[in-house]
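Work through the exercises below with the structure open. Each task is followed by a solution in steps.

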Amino acid sequence: MAGLFDKQAEIYQDARPNYPPHWYSMLAALTPHHSLAWDVATGNGQAALGVAEHYEQVIATDVSESQLKCGTPHPRVKYLHTPLSLSDDEIATMIGDDGSVDLITVAQAVHWFYLPTFYPLVSRLLRKPGGVFAVWGYNDIEVTPTFDPVMKRFHASTLPFWNNKIQYLFDGYKTLPFPFQSVGLGGEGQPAALDIPKKLSFDGFLRMLRSWSAFTTAKEQGIDLLPQGMVKEFESAWGGSDLVRSVNYKAFMLAGKV
């Protein structure tokens, strides 16, 4: 899925919610060692920065150079470009020795991966015993009973412009294959339900929509998913463009070990 988020890298960085700090504490408590972590599809490094609060070194990789250019520097985070042309052996060499990684994370991205090759690479690199692999995502936003039906209708209008792999995310990862032994944070078919609370402005909400890959795909086909009429309808349901609301992103996580 290289390129899906290249064109809106800066919007993506500004618009997406931050993951709660206690998520990283929760994952760190599951690994007895805290030497090395790998954040895959790191984007601008959002999850990598949280992981770095608990691990000595974090290798943060992405296929998108434009996303990596938006990454926030951190003394324990090393950003690396991993183009799709790299072999699994080359990626493994960049990350560390086999069985050396304490935590592998994928935030809001594993649904794009080719799992038959990615999962064996995870199994190869995870420390045994003690290594943990965690994936998470979010697929809905709760605002108010007035706003939420408008959002639902808008989301339905975007469906033709999503890559079909997004269905795993729309299903809340309940249909995502996850052949790893549960560590108490969800398991295959039964992801753990989580929430991401956030203070969000109306402009921030619009930026979030424009960061969707479906928005860019539609735009390339000459279709504006957010015409002025749609923006005005959202604004009215929001309660005015100057209002900052407390919203909740509905999230889910799967974590396991080899």
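**Exercise 1.** How are α9 and α11 oriented to each other?

*Solution.* The model is a predicted one.
Step 1. Two packed helices are characterised by an angle between their axes and a distance between the axes.
Step 2. For helix α9 (residues 202–210) and helix α11 (residues 228–238), the angle is about 135° and the axes are 11 Å apart.
Step 3. Angles over 145 degrees count as roughly antiparallel and those from 65 to 115 as roughly perpendicular. The pair α9 and α11 is therefore oblique.
Step 4. The handedness of the crossing of α9 and α11 is right-handed.
Step 5. On the α9 side the contact is made by Phe202, Phe205, Leu206 and Leu209, and on the α11 side by Val231, Phe234, Glu235 and Trp238. Sorted by class, the contact of α9 with α11 has 7 nonpolar residues, 1 charged residue and no polar ones.

**Exercise 2.** Determine how α7 and α9 are oriented to each other, and list the residues that meet.

*Solution.* 
Step 1. The angle between α7 and α9 is about 20°, and their axes are 13 Å apart.
Step 2. The cut-off for roughly parallel is under 35 degrees. Helices α7 and α9 are therefore roughly parallel to each other.
Step 3. The crossing in which α7 passes α9 is right-handed.
Step 4. Phe147, Met151 and Phe154 of α7 meet Phe205, Met208 and Leu209 of α9. In the contact of α7 with α9 there are 6 nonpolar residues, with no polar and no charged ones.

**Exercise 3.** Which residues of helix α10 are buried, and against which helices do they pack?

*Solution.* 
Step 1. In helix α10 (residues 213–220), the buried residues are Ser213, Ala214, Phe215, Thr216 and Ala218.
Step 2. These buried residues of α10 pack against α7 (147–158) and α9.
Step 3. After α10 comes glycine 222, with a positive phi near 80°.

**Exercise 4.** Is aspartate 62 buried or exposed, and what does the residue touch?

*Solution.* 
Step 1. Aspartate 62 belongs to strand β2 (residues 57–62).
Step 2. Buried means under 20% relative accessible area. Aspartate 62 has 9% relative accessibility, so the residue counts as buried.
Step 3. Leaving out residues up to four places away in sequence, aspartate 62 touches Ala41, Thr42, Gly43, Leu68, Leu80, His81 and Thr82.
Step 4. A polar atom of the aspartate 62 side chain lies 3.3 Å from the backbone nitrogen of threonine 42.

**Exercise 5.** Compare the backbone and the accessibility of alanine 41 with those of glutamine 108.

*Solution.* 
Step 1. Alanine 41 sits in the loop between β1 (36–40) and α3 (46–51), and glutamine 108 in the loop between β4 (103–107) and α6.
Step 2. Phi is positive, near 55°, for alanine 41. For glutamine 108, phi is positive as well, near 55°.
Step 3. Alanine 41 counts as partly exposed because its relative accessibility is 22%. Glutamine 108 counts as buried because its relative accessibility is 9%.

Note on methods: Residues are numbered from 1 along each chain as its sequence is written. This is a predicted model: local features need pLDDT of at least 70, side-chain atom pairs count only at pLDDT 80 or more; totals for chains, interfaces and linings use all residues. Side-chain values use heavy atoms; hydrogens and water are left out. Axes are lines fitted to C-alpha atoms, for helices over the stretch in contact, and angles run from 0 to 180 degrees between N-to-C directions. Helices (H or I, at least four residues) and strands (E, at least two) are DSSP runs, numbered from the N terminus. A crossing is left-handed if the near helix is turned anticlockwise from the far one by less than a right angle, and right-handed if clockwise. Contact means heavy atoms within 4.5 Å. Ala, Val, Leu, Ile, Met, Phe, Trp, Tyr, Cys and Pro count as nonpolar, Asp, Glu, Lys and Arg as charged, and the others, Gly among them, as polar. Buried means under 20% relative accessible area, exposed over 50%, partly exposed in between (1.4 Å probe, protein chains only). A polar contact is a pair of N or O atoms within 3.5 Å; within protein, one must be able to donate a hydrogen and the other to accept it, and residues adjacent in sequence count only if both atoms are side-chain atoms.
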